[in-house]
Amino acid sequence: METPYKILILDDEADWLELCRDIFAQLPSKPEIRTCTSSPRALGMLDSEPFRLLILDLKMPRMDGLQVLSVVRRRYPELRTIVLSGLEEEELRSRAYALGADLFWLKNDMQRDSKMFMDCLESLLGRDTNGGFRGIQSKGLMDIIQLECLSRSSTVLRITRGPLVGRLWFQNGELFDAEAEGARGEVAFRRILAWKSGTFENMPAEPGREHTITKSINALLLESAQTMDENANPSSETQFIDARHRNTVWKLALLVREGAEFVIAVPPEGQGEPEALGTQSTDMAGWTRHTTEIARRLGDKVEAGPLLHLTARSLEKRLVVLSAGNRSFLVGWSQDVTDQKMLENSKRIVASWDS
Amino acid sequence: MGFINYIKRLFRSRPDVQQLPQGSISVNHEGLIITCTVSSAYSKALLGEIGSEVLVLFREARAAQMPLTEVSIHYGSFLVTARELRGGALIFLLPQSALIQLPT
């Protein structure tokens, strides 16, 4: 009989550990589960006996999860790691993956999508230790998609860019469905390919899903590359006008899709003109620029942490000011929009703006 | 004695940790604080600056043909909400910890 794999769960909350122990005990491979509430003790346990998988929280006293991850990656390269965090921050997700975590999962999602989480966990436990590299960095999305196709993978590639989430479904190396920003099929695939950066993770395959893409992956990649190339380097005046026109139409469609009334993208002083869509007035561009400066200055004086965003209400409209790169964005909404929708959709508009 | 002096120096050399203000202030159209529920331990000058900067935001929005009734500035650990009040403003200051969900 095969020796069961050992899983070590590290979290400073004893109740959570108990809950995890009960849940993971139901895995088909019946792993041996050990728990620990402190990072130094967990490292000691990893030193003294072999574990297959480490599941850890990020927010812990004395030594946090990211520090543990960096030590573990160096000392035990064969150990699989899953970060299970309650903090929904894209930066933490990126840092965890950069430190070599195999999977980043939110505690809430784990409770909501427990079946999918268990599938991922079982797949990680069973994965052959002799094959596969981890820590792909400095690779574009096209490279990653081609890798999945060449290795004839059956998987779901979940791609995240800030608040935007896209999924690509593969079966035996063939791309058969895509979903992003409310679109499906080839449209969604092209939208995802236009994202310039982000993170990705592999989820279990879903072979029963409906097929919406029939073209070969090579044809799709070629078409997308040509379009991006033409937009980035127009060779003639006509192509230049076409590219600008396409860009404007695409941004207007984005505005309508998310439900906003207008957007003004404001570059720093002396670095170009503001770009306004949905409004003729650019009076608010100066206000947006100056408001961002005032808010940052105030935050520095009070030591309030980084400026996340600013919301405002007038008699007719609601406004959100967000920063991305060196630009500020003012997004205008109607009065009846909910706070959550206004903020989430504004973030999506800003994240997609340059795609 | 030498040891005690060393300990004293050690404690003196620690950087001051500035607490975030909690409470509300109302400022008139000149930026003067009229009422204040923030602890008196907090710098009045800094509260005055918050009031003045908020008034500038409202004033510039009026000048840009978009008069505002409310502005909320969300920081990583702090929330400032200001309501326009006949040229002045009522400002709510609310520190946030990492584990508390920030109101939008």
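Me: What makes the set with A:Leu330, A:Val331, B:Val54, B:Val71 and B:Ile91 a nonpolar core?

Reply: A nonpolar core is a set of buried Ala, Val, Leu, Ile, Met, Phe, Trp, Tyr and Cys residues joined through C-beta atoms within 7 Å. Buried means that 20 or more other C-beta atoms lie within 10 Å of a residue's own, with 12 or fewer called exposed, anything in between partly exposed, and C-beta atoms placed from the backbone. The largest such core has 49 residues, and the five you name touch the most other members. Helix 2 of chain B gives the most to this core, seven residues. Another core, of 33 residues, lies apart from it and includes A:Leu46 and A:Phe117. In soluble globular proteins, nonpolar side chains tend to be buried together.

Me: Good to know! What kind of model is this, and how are its parts numbered?

Reply: This is a predicted model, in which local features need pLDDT of at least 70 and side-chain atom pairs count only at pLDDT 80 or more, while totals for chains, interfaces and linings use all residues. Residues are numbered from 1 along each chain as its sequence is written, and chains are lettered from A and ligands numbered from 1 in the order in which they are written.

Me: Why is B:Ala61 called buried?

Reply: B:Ala61 has 24 other C-beta atoms within 10 Å, so it counts as buried. This residue sits in helix 2 of chain B. Of the 104 residues of chain B, 27% are buried.

Me: What does B:Ala61 contact, leaving aside neighbours within four places in sequence?

Reply: Its partners are A:Trp287, B:Met66, B:Pro67 and B:Leu68. A contact here needs the two C-beta atoms, placed from the backbone, to lie within 7 Å.

Me: How do you know that strand 13 of chain A pairs with strand 3 of chain B?

Reply: Strands are DSSP runs of E with at least two residues, and helices are runs of H or I with at least four, numbered from the N terminus. Two strands pair if DSSP finds at least two bridges between them. Here seven bridges join the two strands, which run antiparallel, so they are a pair.

Me: Which elements of chain B give two or more residues to the side that touches chain A?

Reply: Those are helix 2 (44-63) and strand 3 (68-75). Across the two chains, 26 residues of chain B are in contact with 28 residues of chain A.
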